[in-house]
Amino acid sequence: MVTRQWTARWRGWMLFGAVALACLVLIGPAQPAEAQGQGEEGVWITVGADAFRTLRGEESIRFRGQALVPVAQAEGVVLTQVDGEDLRAISETIHHAHRRCGGFMAHESLAEAQEQMARVARGMGAVEGAPTYLIDQPALVGSLSPQLSESHILGTIQSLSQDFNNRYYRHPSGVAGAEWIRDLWTGYASGTLGVTVELVSHSFAQPSVVLTIPGSTLADEVVVLGGHLDSIAGGSSDPDFVAPGADDNASGIAVISEVARVLLANGFKPQRTVKLMGYAAEEVGLRGSQDIAEAHATGGIDVVSVLQLDMTGFQGSTEDMSLIDDFTNGPLTTYLGQLITTYLTDLTFSTSSCGYACSDHGAWHFEGYPAAFVFEARFGQHNPEIHRTSDTLAPLGNSAAHALKFARLALAYVVETSVDGSELAPIFIDGFESGTTGDWTQTFTE
């Protein structure tokens, strides 16, 4: 349950002039006009200062033959321009040196990149007021959680990691992987009135996937559960490189898929609108989630909470889960811990930090939305095989037992944040909601 207090968010509609006056530390000269566009030739990125120093020292990563130039910096984040063809190498370099997935944000233009730097300088997208999160749906969670299936999760991981050469954002198999997820979710939604599944197009080939369960009395408030669907691997110039991405991030998509399957099989009717998302192109700068989060902000959509699932299959720490405590919303992160102690009493959790733009929650965070990230282990103790051809089911013990824990948490999160205990809770009766009249034919559209 989420009860609403006032929130004060600032959005990405600031004019370029306002951005230029924000609290940035300009370092380099203005770039020539032809360099200010995106394309795949020159791409503006924001990256943690430690990762920038690593990239600048790499002889293989250059822009126009020169070492990367810091154009602006604020609060430990640097703005620079890179060759679009180097995005895969940049991702791999940051992963190798800092153990981060991604670790940078790619931007469509210089103005957009400066806007991001203004966000960083003005408080890292902090929400000045936050919803109050309560736990008051034990009956619903208790009835749905036992239906979650490890074998279903394992099957989805197998399909995504074995049936596609890779799920890279520029590769045909990356597009096919997204379409496969769309079809899987569409099958789960078949016969469920009002539920939609759509592909979201971007400026690159791979689409994102969004499943929407429309809300009833609080439909204008949105709950998001998401994870990225792309995969990446380094060490090869072969355009058909192998990147199974079983843990990173077929495991997260498999958990989201299993939550969708159980909710839809039971005719779940939330009061807040629920959106389940598979983001494109996370590994090359959170590009899919940035587009989606910005669209929600520009449209004035009231997203009350966002949970990111990126890697759920490998238990590298003594604790079962780790709550990421940087670039996330404090009240929502605390709430996830309360959900674990309430509904997952057999499990333990820790907290850890993962750095700037380490996963898609960052895109929502910097739009001012409450976002949280739960991870498979303490950061640094996670799966050592990710971003390699060896990111298969083998390091996961050919099992989805660890991922099932995250499905239990994700389901509790969706139910508790989308159902308000102060109102009539949904009852599942052949497509009708108890206490209402008429049928469920509403389709939510942005």
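Okay, some ground rules. It's a predicted model, so local features need pLDDT of at least 70, side-chain atom pairs count only at pLDDT 80 or more, and totals for chains, interfaces and linings use all residues. Residues are numbered from 1 along each chain as its sequence is written, and side-chain values use heavy atoms, with hydrogens and water left out.

Confidence, then. pLDDT is the predictor's confidence in each residue, from 0 to 100. The chain averages 87, and 84% of the residues score at least 70. Over residues 6-39, though, the pLDDT is below 50, and that stretch has 80 contacts beyond near neighbours in sequence, a contact being heavy atoms within 4.5 Å. Residues 423-446 also stay under 50, with 52 contacts beyond four places in sequence.

On to helix H4, residues 110-121. Helices here are DSSP runs of H or I, at least four residues, and strands are E runs of at least two, numbered from the N terminus. In H4, 11 of the 12 residues are buried, meaning under 20% relative accessible area with a 1.4 Å probe, protein chains only. Among them are Glu 112, Glu 115 and Arg 119. Just after H4, Gly 123 has a positive phi of about 120°.

Last one: Arg 62, in the loop between helix H2 (49-56) and strand S4 (72-74). Its side chain reaches the backbone oxygen of Glu 58 at 2.6 Å. Further along in sequence terms, Arg 62 touches Arg 56, Ala 67, Leu 68, Asp 83 and Asp 86, leaving out residues up to four places away.

Definitions and conventions:
Expected span 1.5 Å × (residues − 1). Buried < 20%, exposed > 50% of the residue type's maximum accessible area, 1.4 Å probe, protein only. Polar contact = N/O pair within 3.5 Å; in protein donor to acceptor, adjacent residues only side chain to side chain.
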